[in-house]
Amino acid sequence: DGGITQSPKYLFRKEGQNVTLSCEQNLNHDAMYWYRQDPGQGLRLIYYSQIVNDFQKGDIAEGYSVSREKKESFPLTVTSAQKNPTAFYLCASSITTAGRAYEQYFGPGTRLTVT
Amino acid sequence: LAKTTQPISMDSYEGQEVNITCSHNNIATNDYITWYQQFPSQGPRFIIQGYKTKVTNEVASLFIPADRKSSTLSLPRVSLSDTAVYYCLVASQGGSGGSYIPTFGRGTSLIVHP
């Protein structure tokens with residue numbers, strides 16, 4: 001059963017703690033993405049990766065970090081430097097980012113609450 | 001990067017056809033137009049993608065005029081389960097190494113009434 005998994009679905013943290021969100025895909029896609037969504041808003045791009053061991057900042061990368069050591073995995077760390085970390089985080093993947101925009105497959109999301 | 005403009009909200013009734021128009025005045029030659037659907041607390045789901053003229057699949061049609069400065073998503077005979085947010089995307093080539101990175105706007109919130 002191919003797809004993208006994100007864990008956990010809900011995550012609670014205290015302010016000042018770093019937290020890592022998991023994203024795994026078995027679609028054999030080269031490209032992966034992290035988005036943030038706030039209530040009533042669209043998705044904003046945090047980071048994307050076109051290939052293993054490479055990643056680029058999106059529109060709102062400050063306070064976040066990522067790694068892409070394996071094709072299947074693209075974990076996102078929300079650091080204590082992120083001023084407003086409470087949000088719904090979505091991971092996605094696509095075949096590639098080259099040539100044109102291909103269909104993105106999204107995971108179920110992780111809702112992070114920081115108090 | 002190309003930006004899109006679409007209505008913030010729309011209302012319809014079950015059984016009606018719904019047309020959601022998106023404007024993308026500065027779309028580049030190589031850009032495709034893609035539509036996604038999102039239900040609350042879920043990730044968006046791909047609906048349809050096109051480059052020009054008309055594209056149809058089992059759930060929707062996409063109409064793109066010759067100048068490609070706008071597009072219209074058509075949902076035939078909507079039901080209550082079509083209540084969702086619909087995003088129009090144009091992924092411009094602007095990322096690292098010439099990669100195509102899609103940008104999501106706020107989308108159109110469609111409410112289907114009984």
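Predicted model: local features only at pLDDT ≥ 70, side-chain atom pairs only at ≥ 80, totals over all residues.
Of the 114 residues of chain B, 43% count as buried. The C-alpha atoms of the chain fill a box of roughly 45 × 30 × 25 Å along the principal axes.

The secondary structure of chain B amounts to 11 strands and zero helices, so that its elements, taken from the N terminus on, read β-β-β-β-β-β-β-β-β-β-β. The radius of gyration of chain B is 14 Å, close to the 13 Å that the globule rule gives for 114 residues, and the chain is therefore as compact as a globular protein of that length.

Chain A can be described in the same steps. Its secondary structure comes to 11 strands with zero helices, and the pattern along the sequence is β-β-β-β-β-β-β-β-β-β-β. A compact globule of 115 residues would have a radius of gyration near 13 Å, and the 13 Å found for chain A agrees with this. The C-alpha trace of chain A spans about 40 × 30 × 30 Å along its principal axes. Of the 115 residues in chain A, 47% count as buried. The accessible surface of this chain comes to about 5600 Å², with 47% of it belonging to carbon and sulfur atoms. Of the contacts in chain A with a separation of 6 or more, 53% come from residues 24 or more positions apart.

How many disulfides does a search of the whole structure find? The search gives two over all chains. One of them is formed by C23(A) and C91(A), whose sulfur atoms are 1.8 Å apart. Buried means under 20% relative accessible area. C23(A), at 1% relative accessibility, therefore counts as buried, and C91(A), at 0%, also counts as buried.

In chain B, a disulfide joins C22(B) to C88(B), with 2.2 Å from S to S. C22(B) lies in strand β2 (residues 18-23) of chain B and C88(B) in strand β8 (residues 84-90) of chain B, so the pair ties together parts that are 66 residues apart in sequence. With -80° about the S-S bond, the link of C22(B) and C88(B) is left-handed. Both C22(B) and C88(B) are buried.

Strand pairing can be followed in one part of chain B. Strand β3 (residues 33-38) and strand β4 (residues 45-50) of chain B run antiparallel and are joined by five bridges. Within this pairing, G50(B) of β4(B) is the residue that stands opposite I33(B). The two strands β3(B) and β4(B) form a hairpin with six residues between them, and S41(B) in the turn has a positive phi of about 60°. In a regular strand, side chains alternate between the two faces of the sheet.

Two single residues, one from each chain, complete the picture. S74(B) is placed in strand β7 (residues 70-75) of chain B. Is S74(B) buried or exposed? At 5% relative accessibility, S74(B) counts as buried. Its side chain makes a polar contact of 3.0 Å with the side chain of N19(B), and a polar contact of 3.5 Å joins the side chains of S74(B) and E17(B). Leaving aside neighbours within four places in sequence, the residues in contact with S74(B) include V18(B), A60(B), S61(B) and F63(B).

In chain A, V78(A) is found in strand β8 (residues 76-78). V78(A) has a relative accessible area of 2% and is buried. Not counting residues up to four places away in sequence, V78(A) touches Q17(A), N18(A), V19(A), L21(A), G63(A), Y64(A), P85(A), Y89(A) and L112(A). The C-alpha atoms of V78(A) and S65(A) are separated by 6.7 Å, while the two residues are 13 residues apart along the chain.

How values were computed
Residues numbered from 1 in each chain as written. Chains lettered and ligands numbered in written order. Heavy atoms only, no water. Disulfide = S-S within 2.5 Å. Buried < 20%, exposed > 50% of the residue type's maximum accessible area, 1.4 Å probe, protein only. Helix = DSSP H or I, 4+ residues; strand = E, 2+ residues; numbered from the N terminus. Pairing = 2+ DSSP bridges. Rg over C-alpha atoms; globule rule 2.2 N^0.38 Å. Contact = heavy atoms within 4.5 Å. Polar contact = N/O pair within 3.5 Å; in protein donor to acceptor, adjacent residues only side chain to side chain. Areas by Shrake-Rupley, 256 points an atom, 1.4 Å probe, with all protein chains shown as cover.
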